[in-house]
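The model is a predicted one.

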Amino acid sequence: MIYLLAAVLPPLGLLFNGQPISAVFNLLLLVVCIVLGLVFHPLLFVPSAHALIAVRMEREKRMHREVVEAIRQHGPPPGYSR
């Protein structure tokens, strides 16, 4: 659901994903792309692409933190050699 929100309303999707600085940057990017998008139409997709990529990267970071925390808490998996 967050991906749909990030695609349709990029700054709001980033804000709900817990990325306020990215949301502000995306709002500025949205304004610039709307103005320049009147001439060069593909620029209208840039804010949505930025939001989707930022949401995905944040999700990956959260999953990585969970795996690291599980390894710290329970030790490395069986058969793991350094």
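## Salt bridges around Arg 62

Arg 62 has a relative accessible area of 30% and is therefore partly exposed. Arg 62 pairs with Glu 58 in a salt bridge whose closest N and O atoms are 3.7 Å apart. Both residues belong to helix α4, four residues apart, about one turn of the helix.

Glu 58 is buried, because its relative accessible area of 12% falls under 20%. A salt bridge also joins Glu 58 to Arg 65, with 3.9 Å between the closest N and O atoms. Arg 65, at 45% relative accessibility, counts as partly exposed. Glu 58, Arg 62 and Arg 65 are linked with Lys 61 in a network of salt bridges.

## Arg 56 and Glu 60

The count of salt bridges in the model comes to four. One of them holds Arg 56 and Glu 60, with the closest N and O atoms 2.5 Å apart. Arg 56 and Glu 60 are four residues apart in helix α4, so about one helical turn separates them.

Both partners are in the partly exposed class: Arg 56 has a relative accessible area of 42%, and Glu 60 has a relative accessibility of 34%. Between Glu 60 and Leu 5 there are 55 residues of separation in sequence and 18 Å in space, C-alpha to C-alpha.

## The two domains

The protein chain is divided into domain 1, residues 1-39, and domain 2, residues 41-75. In their contact, domain 1 takes part with 19 residues and domain 2 with 15 residues. The C-alpha centres of the two domains lie 16 Å apart.

The area buried between domain 1 and domain 2 is about 1500 Å², and carbon and sulfur atoms give 65% of it. On the side of domain 1, Tyr 3, Asn 17 and Cys 33 supply 34% of the area buried against domain 2, more than any other three residues.

## Make-up of the interface

How many salt bridges does the rule find across the interface of domain 1 and domain 2? The number is zero. Polar contacts between domain 1 and domain 2 do occur, in six residue pairs with both residues at pLDDT 80 or more.

The most comes from α3, with nine residues. By class, this side of domain 1 has 14 nonpolar residues, five polar residues and no charged residues.

Ser 48 lies in helix α4. Is Ser 48 buried or exposed? Its relative accessibility is 16%, so Ser 48 counts as buried. Leaving aside residues up to four places away in sequence, Ser 48 touches Ala 6, Ala 7 and Pro 10.

His 41 sits in the loop between α3 and α4 (46-74). With a relative accessible area of 51%, His 41 is exposed, because the cut-off is over 50%. A polar atom of the His 41 side chain lies 3.1 Å from the backbone oxygen of Gly 37. His 41 and Pro 10 are 31 residues apart along the chain, and 17 Å separates their C-alpha atoms.

Definitions and conventions: Residues numbered from 1 in each chain as written. Predicted model: local features only at pLDDT ≥ 70, side-chain atom pairs only at ≥ 80, totals over all residues. Heavy atoms only, no water. Domains from an automatic or database assignment. Contact = heavy atoms within 4.5 Å. Buried area = accessible area lost by both parts, 1.4 Å probe. Salt bridge = Lys/Arg side-chain N within 4 Å of Asp/Glu carboxyl O. Polar contact = N/O pair within 3.5 Å; in protein donor to acceptor, adjacent residues only side chain to side chain. Helix = DSSP H or I, 4+ residues; strand = E, 2+ residues; numbered from the N terminus. Nonpolar A, V, L, I, M, F, W, Y, C, P; charged D, E, K, R; others polar. Buried < 20%, exposed > 50% of the residue type's maximum accessible area, 1.4 Å probe, protein only.
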